[in-house]
Each structure stands twice: as C-alpha cells, then as structure tokens.
Amino acid sequence: MSHPDICIAGAGIVGLSLALELHGRGMRVAVLDRGEPLAEASTAAAGMLAAHDPENPPELLPLSELSLSLYPDFLERLFDLSGLQVPFHTSTTLQALPPGHHELARHVPVLAPEALSLLLPGLTPGDHRFLLLSEQSLDPRELAPALLAAVRSTPIELRTHTPIRILRSNDDSVEIHTAADVLHASRFIDCTGAWGFTSTLPSHLRVSPRKGQMLAVALPPSLPLHLVLRTPEIYIVPRTNNATAVRAIIGATVESAGFDKTIYPADIARLRALASQLLPPIADAPELETWAGLRPSTLDNLPLLGPVPGSTNHYVATGHFRNGILLAPATARVMAQLIAGERPSVNLAPFSPLRPPRPQQ
Ligand SMILES: Cc1cc2nc3c(=O)[nH]c(=O)nc-3n(C[C@H](O)[C@H](O)[C@H](O)COP(=O)(O)OP(=O)(O)OC[C@H]3O[C@@H](n4cnc5c(N)ncnc54)[C@H](O)[C@@H]3O)c2cc1C
C-alpha cells in the first residue's frame, strides 16, 4: 500500500483492534510492528475484563463500561472474519475490598462467610472481605489468533519486523521512516504500548514499561475453580477446558524494571505463596509455565487517547496499563470516531494527550 489513509505503529491488541475498526469504516490501513504481532503485553495478560476493580482510577469507568458493552459484538466480528470462537472462561470474580475502599461496598454486598464457602469451598479468606462481581475473563492467547486471522482476512496491510524509526509530520500527511523505506499516510497512530514511540508528549505523559511476572499451575481435581479470585496482592484466574477448570494463571508483579523481562524464581515463589494463602492446594500444584510482560503505564494510570500536542495528523492510543485487554474495543471505537471527526461515545478529556499534570505528579 503506497499511501494508506492510516498508518498504525504497533500490532498489539490496541493497534489491531483499531485497524479493524478503521477498515470497517472504509479506510485503507497499514500496521507496522517491530516484531511479531501480538507477541508482547497482549499475550502476556491474564485476560480479566476487570471494569469494576476498585483499584482502577474512577475516570476509567465510562470507557471500561463502553468496552464491556462492545465486547460481545467485537468477539462476534472476530468470529465472522476468522472462524475462531473466543470463549469467556469465567463470568464472576470474588473481589477482596482493598483497605480504605468503601465505595464498591455501597453497591455490592460484602459476602457472609457461609455464602463465601458455598461459592468457593476451600477458600481461606483471612482478613479479606469479599464481594461477588459480574465480570468475565478470556484467554488472550485465544483472542490473539482470532484477532490476527481477522485482520489477515481483510486488505489491512500488516508488516512485521518493521520498526518505525522516524516520523515527519506536515500539514496534510505523515512520513513514516522504516529501515527499508518511507511510507506516506494521511494519519499516523502510535499504538506501540510500553515502547511509547511518540517523543513529543509532555514529560508527565510519557509512557513507561511496568513489568508483570506470572505463573500458570495445573489445578488439582480437588480444586474446581470456576471464578476469578482477586485481592490487592494477587489474582488467580482459571482457564477451563470443556467447562472443567484445568489450569490457573497466578499474577502478577508490578515492577519498574525498564524493558527487562527476566523471570526471577523468588518472585514466582512469592506469587505462589500469596495464592496458597487463599487456596492452600495451590502450594503443591504443578507449575506449567512462567512468563513476564510489559504493561504500558502512565503516571496517572490513565491511557492516552487523541492527537499529540502540535499535530493534526499524529495520534496516540496507548498507556492502557493493567486494562488493555478490557479497553481494546472501546479504544478502537472512540479513536475511530475521533479520526472520523465524530463525537466520541465517552468524554475523552481524562485521556487527552494534552492533559495537565495532576497535583501529586
Ligand atoms: C502480566 C500482565 C497481566 C495483564 N493482565 C491484564 C488483564 O487481566 N486484563 C487486561 O485488560 N489487561 C491486562 N494486562 C494489560 C494488557 O496486556 C495491556 O494493557 C495491553 O496488552 C496493551 O496492548 P498494546 O497493544 O498497547 O501493547 P502491546 O501488546 O505491548 O503491543 C505493542 C506493540 O508495539 C510494537 N512496537 C513497539 N515499538 C515499535 C516501533 N517503534 N515500531 C513498530 N512497532 C513497535 C511492539 O512490538 C508490540 O507488538 C496485563 C499485562 C501484563 C503484562
């Protein structure tokens, strides 16, 4: 494609979902990734659609709820294009109230011990007070092949192993320099996740990597886990096979370690120990896998969605931190609306790349 309407940098869940949305509106789209598509944060994630996690910034709620409402159609569209079904593995979450968080408990009752042991026999709640949330989770490693096959079924141009090096933006187009050539597009959207390609953002809005280490264990038959268990320290997310819970993802560390993705046995052991305090059989569950990924984070934990300062054709859609899987469908929708000159479905002011620093920053 010599002159696409839109060039997207980054083939993670954000870049590819947005590419599909823009293609659906009749635009010619090219996506360039420095490596393989969906090989970074988007397949390292646990896959919780945690719109009502009490630790999310309150400003995120309208975008999160929009995304939840779009998820069924998003998955249906992937199925139509790819033939691959992406199932939800769970539909409820036992959420421990973080200390000092009383707001959620005003809307959702704290579970009595009897109710808790009916929901999850074998749970040792300690001092935690748990609530039951309606919240789904999916497996990002099932979502990724469906999203990729969906993109590949369209004329969207996907170039892998093509890092974008330099961007030159003028009034009516953008020049995108790779090692091999120069691409011209009407608009450029930075979806490079933790790598944050855009250097013209104010310093308080720069994106940085926050490392997350995780492990997966085989679930013993004595532990039929059918919901997500989440406390401020740890989450345990079951993956099912024909409705039987077979493995559990345990996560995750949140670290500032640059772009290092080393897995440290001591950190993995600590995650397992925290999970075992809640569900003792996890102490001896066979380890299946460990991995680490890099979340794109901002200082205020809110994404960056919109045009960058001083440019009319250079946009960013990144900084989704712990919620990029949840927020991908809504991000694609509102970014496409912005680019088409329509009013976005939710107020994007909290996510503006022009927002001022918060008082504590
Ligand atoms: C351990 C862990 C657990 C998580 N759990 C959840 C969860 O349960 N629920 C949830 O909603 N979210 C979760 N997340 C967060 C979620 O994974 C991220 O917010 C989301 O994947 C970000 O997607 P992205 O497309 O912005 O980034 P990525 O998937 O990282 O994609 C960015 C892409 O940009 C490419 N790129 C970088 N620089 C360049 C360049 N110069 N040129 C071209 N391409 C470039 C990279 O190669 C990469 O493919 C978790 C993350 C981690 C690490």
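## A loop residue with positive phi

L38 sits in the loop between β2 (29–32) and α2. The model is predicted. In it, the phi of L38 is near 55°, a positive value in a residue that is not glycine. Most residues other than glycine have a negative phi. L38 is also buried, because its relative accessibility of 8% falls under the 20% limit.

N301 is another residue of this kind. Its phi is near 60°, again positive in a residue other than glycine. N301 belongs to the loop between β14 and β15 (304–307). Is N301 buried or partly exposed? With a relative accessible area of 30%, N301 is partly exposed.

## A cis peptide bond

The bond between G251 and A252 is a cis peptide bond, with omega at about -15°. Most peptide bonds are trans. A252 lies in the loop that links β13 (244–251) and α7 (265–278).

## The ligand and its shell

How many residues surround the ligand? The shell holds 36 residues, and the closest are D33, S42, M48, R322 and L326. By type, 20 of the shell residues are nonpolar, 11 are polar and 5 are charged.

Several elements build this shell. At least two residues each come from α1 (13–24), α2 (41–44), β10 (208–218), β14 (287–297) and α8 (324–339). The largest share is that of β14, with 4 residues.

Where does the ligand lie relative to the two domains? Domain 1 covers 1–86 + 139–207 + 298–361, and domain 2 covers 90–136 + 208–297. Both give residues to the shell, so the ligand lies between them.

## Backbone contacts to the ligand

At I164, a backbone N or O atom lies 3.0 Å from a nitrogen atom of the ligand. At F321, a backbone N or O atom is 2.9 Å from an oxygen atom of the ligand. At G324, a polar backbone atom is 3.0 Å from an oxygen atom of the ligand.

The ligand taken alone exposes 1000 Å². The protein buries 97% of that area.

K211 lies in strand β10. Is K211 buried or exposed? K211 is buried, because its relative accessibility is 0% and the limit is 20%. What does the side chain of K211 reach? It reaches the backbone oxygen of T262, at 2.6 Å.

Strand β10 is also one of the elements that supply at least two residues of the shell around the ligand.

The structure holds 3 aromatic pairs. One of them is formed by Y71 and F74. A pair of aromatic rings is described by the distance of the centres and the angle of the planes. For Y71 and F74, the centres are 5.5 Å apart and the planes stand at 90°, an edge-to-face arrangement.

Both residues lie in helix α3 (residues 61–82). They are 3 residues apart, about one turn of the helix. Y71 is buried at 1% relative accessible area. F74 is buried too, at 11%.

## Distances in sequence and in space

I13 is part of helix α1. It is buried, with a relative accessible area of 4%. How far apart are I13 and L147 in sequence, and what is their C-alpha distance? They are 134 residues apart in sequence and 7.9 Å apart in space, C-alpha to C-alpha.

P344 lies in the segment after α8. P344 is partly exposed, at 22% relative accessible area. P344 and I234 are 110 residues apart in sequence, and their C-alpha atoms are 35 Å apart.

L119 lies in helix α5 (residues 113–119). At 34% relative accessibility, L119 counts as partly exposed. L119 and L133 are separated by 14 residues in sequence and by 12 Å in space, C-alpha to C-alpha.

Note on methods:
Residues are numbered from 1 along each chain as its sequence is written. This is a predicted model: local features need pLDDT of at least 70, side-chain atom pairs count only at pLDDT 80 or more; totals for chains, interfaces and linings use all residues. Side-chain values use heavy atoms; hydrogens and water are left out. A residue is near a molecule or strand if one of its heavy atoms lies within 4 Å of it. A polar contact is a pair of N or O atoms within 3.5 Å; within protein, one must be able to donate a hydrogen and the other to accept it, and residues adjacent in sequence count only if both atoms are side-chain atoms. Accessible areas come from the Shrake-Rupley method with a 1.4 Å probe; for residues, only the protein chains shown count as cover. Ala, Val, Leu, Ile, Met, Phe, Trp, Tyr, Cys and Pro count as nonpolar, Asp, Glu, Lys and Arg as charged, and the others, Gly among them, as polar. Domain bounds come from an automatic or database domain assignment. Rings of Phe, Tyr and Trp (its six-membered ring) pair if their centres lie within 6.5 Å; planes under 30 degrees apart count as stacked, over 60 as edge-to-face and the rest as tilted. Buried means under 20% relative accessible area, exposed over 50%, partly exposed in between (1.4 Å probe, protein chains only).
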